[in-house]
There are 2 protein chains.
Amino acid sequence: MNPDTPTSSQDAASAQAAWAGMQAFVTGHDRRRDLRVELDLGAGKAELLIKLAQAPMTLREIAQAVDVDPSAATVGVDRLERRGLVRRGAHPDDSRRKLVHLTEAGLRAAATAERILADPPPELAVLDPRDLAALTRIFATLNAGPSSAGAEAVAEPEAEAEQKPE
Amino acid sequence: MNPDTPTSSQDAASAQAAWAGMQAFVTGHDRRRDLRVELDLGAGKAELLIKLAQAPMTLREIAQAVDVDPSAATVGVDRLERRGLVRRGAHPDDSRRKLVHLTEAGLRAAATAERILADPPPELAVLDPRDLAALTRIFATLNAGPSSAGAEAVAEPEAEAEQKPE
DNA sequence: AACAATGATTGTTGCACAACAACTATTATT
DNA sequence: AATAATAGTTGTTGTGCAACAATCATTGTT
């Protein structure tokens with residue numbers, strides 16, 4: 001065996017250590033409390049608003065995006081509508097479908113959610129610039145893979161303890 | 001200005017990119033679904049079992065760890081007890097206090113939860129070993145800081161939608 | 001035109017979860 | 001000994017959330 005090539009068990013141990021480290025770091029800087037405090041929204045709803053800021057979605061698309069029964073999507077959108085954050089509109093091509101748009105308040109809430117989620121922990125700001133560059137490059141590689149769904153965060157389907165993606 | 005030293009705005013942008021990348025990666029490999037499917041537990045309860053596997057905790061300690069009212073901790077422990085995962089025992093020094101221990105089933109559940117959470121995404125296993133080593137080193141640094149609560153994941157206080165970290 | 005499928009909604013049922021107030025038992029303090 | 005504080009629990013109130021079945025309106029298929 002090539003002595004310069006680590007064994008697969010060494011790879012596995014390194015992968016596990018790296019995963020544990022990044023999980024602890026990201027989980028340790030969870031932003032759900034901030035989302036709750038500033039927006040009175042859970043992560044799931046906040047991420048949905050961010051998604052809707054990009055383009056309106058149908059109820060089916062929303063149900064699929066957050067992986068719930070369509071009736072749950074209907075009720076969830078009802079709650080956002082009562083908050084004045086979204087509105088339902090007609091679909092241009094198909095009268096069965098509705099399109100969910102953000103309101104002005106919803107756009108502002110989505111921008112706040114993005115700001116909260118995008119704000120890096122202070123530890124990153126004081127990291128050695130070479131390490132920071134390495135992180136950025138490595139995660140760009142990891143997120144570009146086909147098994148990675150894409151750079152944007154996905155809304156959680158659960159209500160935890162477990163209930164809400166809130 | 002020292003041309004070898006990036007400006008603080010460059011630092012901020014790099015920190016933000018790094019943060020977005022790692023958040024997307026960790027969030028994109030969320031293990032809550034697996035925890036739900038295999039253990040019928042949310043992340044919060046699963047992490048509590050992992051914590052209890054290390055040492056029993058009082059109700060107050062549990063309430064503080066998950067940042068809820070003591071009555072909510074009581075009810076949460078009730079639910080775990082009904083599942084046969086924990087039991088309450090007497091405190092050796094103070095009869096006001098109860099100690100929550102894991103049962104055999106609870107220990108097995110905690111081990112399963114740890115296995116689920118510790119399993120790295122396949123993308124990490126095929127990463128360049130130097131990148132993997134860099135990630136491990138950088139996160140060890142990030143997690144060692146005083147602002148970092150420690151390497152182990154912290155149970156989330158919400159029940160999201162938001163309800164349960166499940 | 002008739003029938004099948006789709007999209008959204010309503011109603012039902014069930015469950016999880018939280019804070020607050022009040023309570024009892026126990027320990028700490030005076 | 002009397003009082004204050006702590007620990008855990010119970011009851012109450014409120015909210016969020018989900019799946020399922022059934023329904024109606026609309027579009028797609030035959």
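Predicted model: local features only at pLDDT ≥ 70, side-chain atom pairs only at ≥ 80, totals over all residues.
## Overall make-up of chain A

The secondary structure of chain A consists of eight helices and three strands, and from the N terminus on these elements follow one another in the order α-α-α-β-α-α-β-β-α-α-α. Chain A has 166 residues, of which 46% count as buried.

## Helix α4 of chain A and its surroundings

Helix α4 of chain A covers residues 59-66, and within this helix A:L59, A:I62, A:A63 and A:V66 are buried. Viewed down the axis of α4(A), the buried residues fall within an arc of 100°, so they line one face of the helix. An α-helix has 3.6 residues a turn, so residues three or four places apart point the same way. On the face of α4(A) that is turned away from the buried side, the exposed residues A:R60 and A:Q64 are found.

The cover over the buried residues of α4(A) includes both helices and strands of chain A, namely α3 (43-54), β1 (57-58), α5 (70-82), β2 (86-90) and β3 (98-102). Just after α4(A), the chain reaches A:D67, which takes a positive phi of about 60°.

## Packing of α3 against α5 in chain A

From α3(A) the contact draws on A:K45, A:L48 and A:L49, and from α5(A) on A:G76, A:R79 and A:L80. Sorted by class, the residues in the contact of α3(A) with α5(A) are three nonpolar, one polar and two charged.

Helix α3 of chain A also holds A:G44, a residue that is buried, with a relative accessible area of 7%. A:G44 and A:R32 are twelve residues apart along the chain, and their C-alpha atoms are separated by 9.5 Å.

## Loop residues with positive phi

Most residues other than glycine have a negative phi, and most peptide bonds are trans. Against that background, A:D40 has a phi near 55°, a positive value in a residue other than glycine. The position of A:D40 is in the loop between α2 (32-39) and α3 of chain A, where A:D40 is partly exposed, with a relative accessible area of 44%.

In chain B, B:D67 likewise has a positive phi, near 60°, and is a residue other than glycine. B:D67 belongs to the loop between α4 (59-66) and α5 (70-82) of chain B, and B:D67 is partly exposed, with a relative accessible area of 43%.

## Aromatic rings between the chains

A pair of aromatic rings is described by the distance of the centres and the angle of the planes. With ring centres required to lie within 6.5 Å, the count comes to five aromatic pairs over all chains. In one of these pairs, the rings of A:F139 and B:F25 have their centres 6.0 Å apart and their planes at 55°, so the pair is tilted. A:F139 lies in helix α8 (residues 129-144) of chain A, whereas B:F25 lies in helix α1 (residues 8-28) of chain B, so the pair joins two chains. A:F139 is buried, with a relative accessible area of 0%, and B:F25 is also buried, with a relative accessible area of 0%.

A:F139 forms an aromatic pair with B:F139 as well, one that is edge-to-face, with 6.3 Å centre to centre and 80° between the planes. Here A:F139 comes from helix α8 of chain A and B:F139 from helix α8 (residues 129-144) of chain B, so this pair too joins two chains. B:F139 is buried, with a relative accessible area of 1%. Taken together, ring pairs link A:W19, A:F25, A:F139, B:W19, B:F25 and B:F139 into a cluster.

Methods
Residues numbered from 1 in each chain as written. Chains lettered and ligands numbered in written order. Heavy atoms only, no water. Phe/Tyr/Trp six-rings, centres within 6.5 Å; stacked < 30°, edge-to-face > 60°. Helix = DSSP H or I, 4+ residues; strand = E, 2+ residues; numbered from the N terminus. Buried < 20%, exposed > 50% of the residue type's maximum accessible area, 1.4 Å probe, protein only. Arc of directions from axis to C-beta. Contact = heavy atoms within 4.5 Å. Nonpolar A, V, L, I, M, F, W, Y, C, P; charged D, E, K, R; others polar.
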